[in-house]
Amino acid sequence: MPVPVEPTSVDPSRDDSAPADAPPAQTLRPHAEDAFAAELAALAAQDDRPRPARWRLSPWAVATYLLGGTLPDGTVITPKYIGPRRIVEVAVTTLATDRALLLLGVPGTAKTWVSEHLAAAVSGDSTLLVQGTAGTPEEAIRYGWNYARLLAHGPSRDALVPGPVMRAMAEGMTARVEELTRIPADVQDTLITILSEKTLPIPELGQEVQAVRGFNLIATANDRDRGINDLSSALRRRFNTVVLPLPETPEAEVDIVSRRVGQIGRSLDLPAVPDGIDEIRRVVTVFRELRAGVTTDGRTKLKSPSGTLSTAEAISVVTGGLALAAHFGDGVLRAGDVAAGVLGAVVRDPAADRVVWREYLETVVRERDGWKDFYRACREAGG
């Protein structure tokens, strides 16, 4: 017998410990559906295309939300993902079918970011999330129990605590599973019945939850980190896999870093990104060259360090540099503000990576026109 799952709602702005007359707290990182509520509302108002069951927007509008554009009334939709359009179109189309979506890529390719924004645009709620770790239990994907009620009254509907996937099935929404390959293999396989039969059995009650139209699941995974658990072939077949690549060009990566650092900086009252665009270009150049094992002009072969040097790490380095410039400088991002962050990102293995970094610093950075200040700053940061 199918069992209904009642939706729950939580007011994220509520703080019961705060005085009644205290101003509302400013969220450090709003959910996508809150941060971009105006854009989502504008898209919904002008979206006259067919929408799958329980979708807030049509597939066209979801893709526009992620890729950016200008609506007929002049509303500008900012791009959330900068990359090949076809990748986004395939991802959105997958969610409109009965196939789950697996976003695959090396660390730092915006898998989580894309996952969150897809869920926000499709369902208006990106919070139905299972965070994968080595300790993620089966209950996190299926359901748990209120043990006080369970001990008092035995297994019952009132004692059952639905997990995010169970709620998404019952309400026809999009669930998310982050870092799927970090979850133990036997727990991963809990998803097989859910994705193939669209059913979640509850044997303790002799009942089941059947997914309603609109339900789907987005998972993210990478195969570069240590300690991962490969997906079984049975589970992998239940997903349509979309690979998110690293940015193709330096200009695209600089654009991504600038936009994301600008968003983070505004929430932290840091200086504007345009004041540091030259340093952003240098950080991106260093990361891309070491990642590729060759200089931009193709003339010098390089050794690559053990880290991934992803776009996400470049964003972190520049954000940290902006904070240094704001609190201990004149507010302008300079080489000295990013040097320590670059060193920390490159040198993960103190023995091997330090050799790689010193060789790159002396043979490439030292000889590059206009990079003397960066060279000196990196030398000082490295002691």
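**Exercises: pockets and a covered helix**

About 670 Å³ of space lies in the largest pocket. The model is predicted: local features need pLDDT of at least 70, side-chain atom pairs count only at pLDDT 80 or more, and totals for chains, interfaces and linings use all residues. Residues are numbered from 1 along each chain as its sequence is written, and side-chain values use heavy atoms, with hydrogens and water left out.

**Exercise 1.** Describe the lining of the largest pocket.

*Solution.* 
- Step 1: On a 1 Å grid over the protein atoms alone, a pocket is an open set of points where a 1.4 Å probe fits, with protein on both sides within 12 Å along at least five of seven lines; lining residues have an atom within 4 Å of a point. The volume is the space filled by probe spheres set on the points, joined across faces, edges and corners.
- Step 2: find the centre. Of 30 lining residues, G108, T109, A110, W113 and I315 are the closest to it.
- Step 3: assign elements. α5, α12 and α14 each give two or more residues. α12 gives the largest share, six residues. Helices are DSSP runs (H or I, at least four residues), numbered from the N terminus.

**Exercise 2.** Decide how far helix α3 is covered.

*Solution.* 
- Step 1: count. α3 spans residues 59-67, and seven of its nine residues are buried (under 20% relative accessible area, 1.4 Å probe, protein chains only).
- Step 2: name them. They are A61, V62, A63, T64, Y65, L66 and L67.
- Step 3: look past the end. G68 follows α3, with a positive phi near 90°.

Note on methods. Buried < 20%, exposed > 50% of the residue type's maximum accessible area, 1.4 Å probe, protein only.
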